[in-house]
Amino acid sequence: MTIKGYTQIGLSTGLAIFLYHLFLIKFGLQQSGWLGLQYILLLLGIFISIFLYNRANKLVILDLFMIGIRTMSSAIIILVLGVVFFHFLKPGNEKITYTIMMVVFPFGMSGALSSFVSAIIVNKLLQKT
């Protein structure tokens with residue numbers, strides 16, 4: 001089984017966001033405005049994935065959107081694993097399903113929007129070349 005490039009970029013993006021979370025926790029900034037940067041990291045990872053994949057293939061917007069969704073999915077897997085790990089490492093009074101939902105829903109929504117916007121931008125950008 002080979003891993004596609006968009007999955008590798010998604011895993012790298014998820015790991016970068018997870019490490020960013022660790023950085024924020026270490027310095028006590030998890031409630032600050034710096035938390036919004038995680039969605040920018042997700043957008044950049046999806047954009048890079050779509051751009052690199054389409055550079056050689058010249059796909060339509062729907063195909064590019066699906067590549068973005070696949071990239072987002074692999075990033076969310078890493079984030080959910082990290083959240084579950086932290087939940088059992090430092091049990092709180094929140095239920096695990098609520099904790100997972102607080103990762104999947106916002107990253108899923110922002111990833112879907114990022115995939116759509118990136119697909120349109122990359123499609124228009126690479127048509128000119």
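## Thr 99 and its contacts

Thr 99 touches Val 83, His 87 and Glu 94, leaving aside neighbours within four places in sequence. Contact here means heavy atoms within 4.5 Å. Thr 99 lies in helix H4, residues 96–127. Helices are DSSP runs of H or I with at least four residues, strands are runs of E with at least two, and both are numbered from the N terminus.

Is Thr 99 buried or exposed? Thr 99 counts as buried because its relative accessibility is 15%. Buried means under 20% relative accessible area, exposed means over 50%, and partly exposed lies in between (1.4 Å probe, protein chains only).

## About the model

This is a predicted model, in which local features need pLDDT of at least 70, side-chain atom pairs count only at pLDDT 80 or more, and totals for chains, interfaces and linings use all residues. Residues are numbered from 1 along each chain as its sequence is written, and side-chain values use heavy atoms, with hydrogens and water left out.

## The whole protein

The protein has 4 helices and 0 strands. From the N terminus on, the order is α-α-α-α. The C-alpha atoms fill a box of roughly 50 × 35 × 20 Å along the principal axes.

Of the 129 residues, 33% are buried. Take the contacts between residues at least 6 apart in sequence: 74% of them join residues at least 24 apart.

## Helix H1 against helix H3

Two packed helices are described by the angle between their axes and the distance between the axes. The axes of H1 and H3 (residues 61–89) come within 7 Å and cross at roughly 35°. Axes are lines fitted to C-alpha atoms, for helices over the stretch in contact, and angles run from 0 to 180 degrees between N-to-C directions. Residues of H1 in the contact include Tyr 6, Gly 10 and Phe 18, and those of H3 include Arg 70, Ser 74 and Phe 86.

The residues of this contact divide into 12 nonpolar, 6 polar and 1 charged. Ala, Val, Leu, Ile, Met, Phe, Trp, Tyr, Cys and Pro count as nonpolar, Asp, Glu, Lys and Arg as charged, and the others, Gly among them, as polar.

## Ser 12 in H1

Ser 12 is found in H1, residues 5–26. Ser 12 counts as partly exposed because its relative accessibility is 47%. Its C-alpha atom is 8.1 Å from that of Gly 45, a residue 33 places away along the chain.
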